[in-house]
Amino acid sequence: MVNVIDAEQKVDKEIEIPDSVPVLPVRDIVVFPYMILPLFVGREMSIKAIEHSLNTNRMVLLLTQKDLTIENPSPEDLFSIGTVVLVMRMLKLPDGRVKILVQGLSKARALNYSQTEPFFTAYIEKVDEQKYEKLTIEDEALLRNVKGQLEKVGSLGKSVLPDIMGVIENIEDPGRLADLVASNIGLKTDQSQEILEMIDPVQRLKRVGEILTREIELLTVQQKIQSEARGEIDKTQREYFLREQLKAIQKELGDIDERAEEVKEFKNKIEEAKMPEKVMKEAEKQLKRLEKMHPDSAEASTVRTYLDWLVELPWSKSTTDNLDIKSADKVLNEDHYDLEKVKERILEYLSVRKLKEKMKGPIICFIGPPGVGKTSLGKSIARALGREFVRMSLGGVRDEAEIRGHRRTYVGALPGRIIQGIKTAGTNNPVFMLDEIDKVGMDFRGDPSSALLEVLDPEQNFSFADHYLAVPFDLSKVMFITTGNLVDTIPGPLRDRMEIIYLSGYTTEEKRGIARNYLIPKQLEEHGISSKVLKITDPGLLNLISQYTREAGVRNLEREIAHLCRKVAKKIAEGIDRFFVITVQNIHKYLGVPKFLPEEEMEKDEIGVATGLAWTESGGDIIYIEATTMKGKGSLTLTGQLGDVMKESAQAALSYVRSKAKKLDINDEIFSKADLHIHVPAGAIPKDGPSAGITMATAIASALTGMPVSKGVAMTGEVTLRGRVLPIGGLKEKTLAAKRMNIKTVIIPKRNKKDLEDIPKYIKKDMEFVFAETMDDVLKVALKKPKRKKIQKTPNNKRSSGKKR
């Protein structure tokens, strides 16, 4: 290397660097002056630049790329300062690349590019460094410090060539020492470029010293970590040998062998577990493997965990069902108000169970809005049957292994959550609740809903195979109860395996009963308040239900009652000792202003405004559909954030009205000379569904005929182009909404007549239901024909107009 540097000095004096040279972009390296190194050239433009330089002065300017990922860089992608090198040798490789050996001559700056095709050529300016005739004491100290730092870096494990150490001892030039050290300690590209661009040699050497200082600190910490790790390994090996020696000594003294004791304990547990024959064979097989393994091996730990799971599962442990029908009925009524269908289904199961000892557990699915008591109902069923209760939430589960478990080949493998739940219950016939079954996901890890097909199929789950256990477990005695908010999102095959029971929202009267019998006593007890201190009147409770909550269930109602109790508890804690009565007049002092105001009733019959009934997740509600006409060209405008289904209903309703224009006494010209605008108020709320067709058709017919719609009539149903009225769902909730608004007449599809049986009598009281088969039936009731004024003679032979009835 010394000879090379001498040669470089000689070359630098003899060879004159031209003003224009080819430019060779390089990716991950910065070449310093006086370096000799090989380069591999693969780009076509770079190979042409090398060939051109070999045919001329053999010189090229090496410029490093700013972004290494760019395959074809432009002049803007290169640093402006680089090194002019002399191409000493060139070798063409079989793969089309070229290997060259270059020697750095001098730093240079690319001023501008004279050509970019077929290769880069630039006008350059040589960058001359400051020459030091005599070094100061500080400079000499800096030189020695950098040399010492490089030696220390090498002693700490950094790869530094021995030849380099010999070369730097004879270098007294700060710039050359900085360049040589920087090129041999493996710096990042941006750090090397920073050093290359520093013109002052002393400042450049100082920067190299700073980098070496940080490198020494890093290497010291790295060496310390390695030393500690090596010490930990040595300690573990030493403890292993000592433990083996201790075992040998205990064996000689006749002490108890721990391994034999562990095997004996597992044998006893296997016998006590009363496993099926197939499972027992697998357990005994794994126990024999454990006997032959070293107790401290990783595989022994895996087998030990597997055996623990096998012996702790309740293979033959069951609870005795409470078959007293009256007692079960009493428990269900204690915990839940109404819900007669669900209670009847549980009592039916108990009755059959009483007659037949061995029967498969039912698989029931409760579907309903949030807060209607689906999960708490599962707990009540378990209490009524005298069984253990296990709950598992399926919301957001995307991994099939959550259901079936992981195979034992994986580190940290465990059984699925079904088997985990059975183990937690401690019996093989618990009430197992699978919450949020309509929210099961699916991704690259598998489809959990497909895994649930085996769990929830009475014909298959008697031999459920968990991947971790790899032996069948009988789930046929388990009573599975699933819950969800919507049926539509449950896959068809899974839905087919379950008996679906719908839990609709509670009426105001039902909520009042639930609050009186359950929620208020519960919250009074939780807040330490006696019923002799706080009383909520019936009107106050109804006001709380209607104006402070809007939901199908009672979750928010319980929250507001708790809020009320906290307010009263605060007053009691402040020393106010009196009887608190919550009424309609003072409830706002405790809960603030009402959060929900009821929809205003229509004051009079209006043209183009029809009252519809809608189903929402928080129960039934009414919607006013408005239609109006204006001069135009016959276009239809729909506003109010309507979904695709409602938009199609509007189109169908308009087509029906147009087809019946003559019968409705509508001038055909209006469809080409007037625009129709349909709007559903509360435009910020998205709306969709298939039950607003007849309401839209009524509003359109009213707007075009000029006949007002009766304010006391509400309707629900879908309409076809032929005018047939199709059935709908959620009739109970919609009827409740009509009753809340004092609407006495409700038009429903004729095919929904059967659903009225599910609506309590007190709701249907004072209400008239019109069963519509076609739109003619709807319009006959909904539209009011304007009454003509009658002219009659008075006794004085004067004309007077009769009063409207």
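Author: Before we start, helices (H or I, at least four residues) and strands (E, at least two) are DSSP runs here, numbered from the N terminus. This is a predicted model, where local features need pLDDT of at least 70 and side-chain atom pairs count only at pLDDT 80 or more, while totals for chains, interfaces and linings use all residues. Residues are numbered from 1 along each chain as its sequence is written, and side-chain values use heavy atoms, with hydrogens and water left out.

Reader: Fine. Which peptide bond is cis?

Author: The one from E117 to P118, with omega near 0 degrees. P118 sits in the loop that runs between strand 5 (98–115) and strand 6 (121–126).

Reader: And what's the phi of Y34?

Author: Near 70 degrees, which is positive in a residue other than glycine. Y34 is in the loop between strand 1 (20–26) and strand 2 (36–41).

Reader: Is Y34 buried or exposed?

Author: Buried, at a relative accessible area of 17%. The cut-offs, with a 1.4 Å probe and protein chains only, are under 20% relative accessible area for buried, over 50% for exposed, and partly exposed in between.

Reader: What about D665, what is its phi?

Author: About 60 degrees, positive although D665 is not a glycine. D665 lies in the loop between helix 22 (644–659) and helix 23 (670–673), and its relative accessibility of 70% makes it exposed.

Reader: Let's switch to helix 2. How many residues does it have?

Author: Helix 2 (residues 44–55) has 12. From first C-alpha to last, helix 2 reaches 17 Å, close to the 16 Å expected at 1.5 Å a residue; the expected span is 1.5 Å times one less than the number of residues.

Reader: Which of the residues in helix 2 are buried?

Author: M45, S46, I47, A49, I50 and S53. They pack against strand 1, strand 2, strand 3 (59–64), strand 4 (81–92) and strand 5, where a contact means heavy atoms within 4.5 Å.

Reader: Okay, salt bridges. How many?

Author: The count comes to 34, taking a salt bridge as a side-chain nitrogen of Lys or Arg within 4 Å of a carboxyl oxygen of Asp or Glu. One of them joins E125 and R109, at 3.4 Å from N to O. E125 belongs to strand 6 and R109 to strand 5, so the pair ties together parts that are 16 residues apart in sequence.

Reader: What does R387 pair with?

Author: With D321, and the closest N and O atoms are 2.8 Å apart. R387 is in the loop between helix 13 and strand 8 (389–393), and D321 is in the loop between helix 10 (298–312) and helix 11 (325–335), so this pair ties together parts that are 66 residues apart in sequence. R387 and D321 are both buried.

Reader: And R207, which residue is its partner?

Author: R207 forms a salt bridge with E210, at 3.2 Å between the closest N and O atoms. Those two are three residues apart in helix 7 (residues 201–253), so about one helical turn separates them. E194, R207 and E210 are linked in a network of salt bridges.

Reader: Now holes. How many cavities of 30 Å³ or more are there?

Author: One, and the largest cavity has a volume of about 40 Å³. On a 1 Å grid over the protein atoms alone, a cavity is a set of points where a 1.4 Å probe fits but cannot get out; a pocket is an open set with protein on both sides within 12 Å along at least five of seven lines; lining residues have an atom within 4 Å of a point. Grid points are joined across faces, edges and corners, and a volume is the space filled by probe spheres set on the points.

Reader: Which elements supply at least two residues of the lining of the largest cavity?

Author: Strand 3, strand 4 and helix 6 (189–196). The lining includes V26, L62, I81 and Q193, and it divides into seven nonpolar, four polar and no charged residues. Ala, Val, Leu, Ile, Met, Phe, Trp, Tyr, Cys and Pro count as nonpolar, Asp, Glu, Lys and Arg as charged, and the others, Gly among them, as polar.

Reader: What volume does the second largest pocket have?

Author: About 660 Å³. It is lined by 25 residues, of which H336, G373, S376, V554 and E558 are closest to its centre. Helix 13 (374–385), strand 12 (479–484), helix 18 (508–526) and helix 20 (555–573) each give two or more residues to that lining.

Reader: How does that lining of the second largest pocket split by class?

Author: Nine nonpolar, nine polar and seven charged.
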